[in-house]
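The entries follow in the order in which I looked things up.

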Amino acid sequence: MRHPQPDPVGPGQESVWDYPRPPSAEITPRRVEAVLGGRVVASTDRAARVCETSHPPVFYVPREDVAEGVLQRAEGASWCEWKGVATYWDAVVDGTRYPAVGWSYENPTEGYRHLCGAVAFYPSKLDRATVDGEVVRAQAGDFYGGWITDEVVGPFKGEPGTRGW
């Protein structure tokens, strides 16, 4: 299948089509927050930013920067050819359970060890996710958890007809 034509890149922007495969995973000092049930459930300035061809970045929050007692292990697992086996997490906020709001790699493969235990939240399952105060738009698709900000351009994998990219 042919890849789509990348969208034009403006000043201060980057194209997801310039991201590497296998993905990069670098610690960023940017302020990353996740809000659920009206509460900030995660806030950090030391998230790992994972960038992979055709996907908006995903931010992994160190477990220590997730509100205590919010995460509960969810059913199921999946496998990433680069990072290994993913564990899924429910969130419980003020007695309300929010299913499968995020995932982590509890024993990631070599090259991604710094993701160990850090949690990536699906923006589509949160009240709000922000990067440096900018409200994030969720990547389309029921499997993807990319964080779309004004600094990234696509097109992004996840829309109908993109599964083969």
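Two strands are taken as paired if DSSP finds at least two bridges between them. I note at the outset that this is a predicted model.

**Entry 1**

I began with strand β8 (residues 84–93) and strand β9 (residues 96–104), which pair in the antiparallel sense over six bridges. I found two residues between β8 and β9, which form a hairpin. In that turn, Asp94 has a positive phi of about 50°. I then looked up Thr87 and found it opposite Ser104 in β9.

I followed β9 onward to strand β10 (residues 119–121); these two run antiparallel and are joined by three bridges. Here Ser104 stands opposite Val119 in β10.

**Entry 1**

I turned next to β5 and β6, which run antiparallel with three bridges between them. Val50 stands opposite Val58 in β6. The bridge partner of Tyr60 is Ala120 in β10.

Are the residues on the faces of β6 buried or exposed? I found both faces covered: Val58 and Tyr60 on one side are buried, as are Phe59 and Val61 on the other.

**Entry 2: Ser54**

I located Ser54 in the loop between β5 (47–51) and β6 (58–61). These strands form a hairpin with six residues between them, and Ser54 in the turn has a positive phi of about 75°.

Why does Ser54 count as buried? I recorded a relative accessibility of 4% for Ser54, and the cut-off for buried is under 20%; Ser54 is therefore classed as buried.

Which residues does Ser54 contact, leaving aside its neighbours within four places in sequence? I listed Val16, Trp17, Pro155, Phe156, Lys157 and Trp165. I also noted a separation of 18 Å between the C-alpha atoms of Ser54 and Gly12, which are 42 residues apart along the chain.

**Entry 3: the four-strand sheet**

I traced an open sheet of four strands in the order β4-β3-β11-β12, with antiparallel pairing. Its edge strands are β4 (39–44) and β12 (134–135), each of which pairs on one side only. Within this sheet, strand β3 (residues 32–36) is joined to β4 by five bridges. The bridge partner of Leu36 in β4 is Arg39.

**Entry 4: nonpolar cores**

I then asked which residues of the largest nonpolar core touch the most other members. They are Leu36, Phe121 and Trp147, out of 22 residues in that core. At least two residues of this core come from each of β3, β4, β6, β8, β10 and β11 (128–131). I also found a second, separate core of 16 residues, which includes Ala25, Val50, Val58 and Ala74. As background, nonpolar side chains in soluble globular proteins tend to be buried together.

I looked up Phe121 in more detail: not counting residues up to four places away in sequence, it touches several residues, among them Ala34, Phe59, Val61, Trp103 and Trp147.

**Entry 5: record annotation**

I consulted UniProt, whose unreviewed entry lists residues 32–123 as "domain: DUF427". In the model, I found this span to be 0% helix and 57% strand, with its end C-alpha atoms 12 Å apart.

Conventions:
Residues are numbered from 1 along each chain as its sequence is written. This is a predicted model: local features need pLDDT of at least 70, side-chain atom pairs count only at pLDDT 80 or more; totals for chains, interfaces and linings use all residues. Side-chain values use heavy atoms; hydrogens and water are left out. Buried means under 20% relative accessible area, exposed over 50%, partly exposed in between (1.4 Å probe, protein chains only). Contact means heavy atoms within 4.5 Å. UniProt positions are given in the numbering used here, feature names are shortened, and annotations may be inferred rather than shown by experiment. A nonpolar core is a set of buried Ala, Val, Leu, Ile, Met, Phe, Trp, Tyr and Cys residues joined through side-chain atoms within 4.5 Å.
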